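Please look over the sequence and the structure shown below.

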Amino acid sequence: MEAAAVAATKPLIKVVAICGSVREGSYNRGLIRSAIEISKSSMSGVEIENVDISKLPLLNTDLEGEGTFPPVVEAFRRKIREADSILFASPENNYSVSAPLKNALDWASRPPNVWADKAAAIISASGGSGGSRSQYHLRQIGVFLDLHFINKPEFFLNAFQPPAKFDENSNLIDAQTKEKLKTVLLSLQAFTLRLQGR
C-alpha cells in the first residue's frame with residue numbers, strides 16, 4: 001500500500017492545546033502556533049485546536065449552579081471533554097505552573113472531572129532550565145486529575161540560548177527545535193491511539 005493511502009487510513013485524534021501564559025508575545029504561545037503548523041503541513045491524523053484560558057474567571061464554587069458552570073467555563077470544559085488528548089505549553093512561574101494554567105486545571109477538574117483518561121504532553125519555553133520544574137509539577141497535578149502524560153521525549157526549550165529560537169513576533173524559527181516538537185506530537189499521537197485501543 002502506498003504511503004499516502006496508509007496516511008489516509010490513520011484515525012484522527014483531536015488535540016486541545018493550552019498555553020499557560022496569557023501574554024500575547026509568549027514564547028509558549030509561539031510553540032503552540034508551531035505545533036499547529038506542523039500538524040497541518042507534515043503530519044496526518046492530528047488536528048490541534050488552541051483553546052484560550054484567559055477569559056476563565058478565578059475558580060469560585062459559588063459560581064456553580066446545580067450541575068452547571070458559568071458559560072465560559074462550560075465552553076472550556078466541553079472542549080476538554082471532546083478532545084482525545086491535551087498539549088500543554090507550560091511556562092514556569094516560581095518553580096511551578098502559572099496561575100492561569102492552574103485555574104484552568106481546577107475548573108475542568110470540578111465534578112465530573114473532564115481531564116480523566118486523556119493522554120497529554122507538555123512543552124515549555126523559558127530561560128535557564130527551559131521550564132522543566134513547571135513540567136514536573138504539572139505531572140504531579142496530573143496524577144490526581146487522571147491525566148496520562150507521555151514520558152519521552154521531554155521538551156524543555158531555553159528560549160534565550162543561541163542560535164535564535166524565535167523571531168520578533170515570538171514565532172518559532174529554529175529548524176532543529178521544530179523537529180523536536182514534531183517528535184513530541186508523534187509520540188502524543190501514538191500514545192493516544194494506544195490508550196484508546198485504536
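**A walk through the predicted model**

Ala-17 is found in strand E1; here helices (H or I, at least four residues) and strands (E, at least two) are DSSP runs, numbered from the N terminus. This is a predicted model, in which local features need pLDDT of at least 70 and side-chain atom pairs count only at pLDDT 80 or more, while totals for chains, interfaces and linings use all residues. Residues are numbered from 1 along each chain as its sequence is written, and side-chain values use heavy atoms, with hydrogens and water left out.

With a relative accessible area of 0%, Ala-17 is buried; buried means under 20% relative accessible area, exposed over 50%, and partly exposed in between (1.4 Å probe, protein chains only). Leaving aside neighbours within four places in sequence, Ala-17 is in contact with Ile-32, Ile-48, Glu-49, Asn-50, Val-51 and Leu-87, where contact means heavy atoms within 4.5 Å.

One of these partners, Ile-48, belongs to the residues with the most contacts inside the largest nonpolar core, together with Leu-31, Leu-87 and Ile-123. That core has 30 residues; a nonpolar core is a set of buried Ala, Val, Leu, Ile, Met, Phe, Trp, Tyr and Cys residues joined through side-chain atoms within 4.5 Å. At least two residues of the core come from each of strand E1 (13–19), helix H2 (27–42), strand E2 (46–50), strand E3 (85–89), strand E4 (119–126) and helix H6 (175–195). Helix H6 gives the most, with six residues. Neighbours within four places in sequence aside, Ile-48 is in contact with Val-15, Ala-17, Ala-35, Ile-36, Ser-39 and Leu-185. A second, separate core of 27 residues includes Ile-18, Leu-56, Phe-88 and Trp-115.

Leu-56 is also touched by Asn-103, as are Pro-57, Leu-58 and Leu-59, not counting residues up to four places away in sequence. Asn-103 lies in helix H4 (residues 99–109). Why does Asn-103 count as buried? Asn-103 does so because its relative accessibility is 10%.

Rolling a probe the size of a water molecule over the atoms shows where empty space is left. On a 1 Å grid over the protein atoms alone, a cavity is a set of points where a 1.4 Å probe fits but cannot get out, and a pocket is an open set with protein on both sides within 12 Å along at least five of seven lines; lining residues have an atom within 4 Å of a point. Grid points are joined across faces, edges and corners, and a volume is the space filled by probe spheres set on the points.

The structure holds two cavities of 30 Å³ or more. About 40 Å³ of space lies in the largest cavity, whose lining includes Gln-135, Arg-139 and Glu-154. Strand E4 gives the most to this lining, with three residues. The second largest cavity, of about 30 Å³, is lined by Cys-19, Ser-21, Arg-29, Asn-50, Val-51, Asp-52 and Ile-53.

The largest pocket has a volume of about 160 Å³. Its lining residues include Phe-155, Phe-156, Lys-165 and Lys-180, and strand E6 (156–158) and helix H6 each give two or more residues to it.
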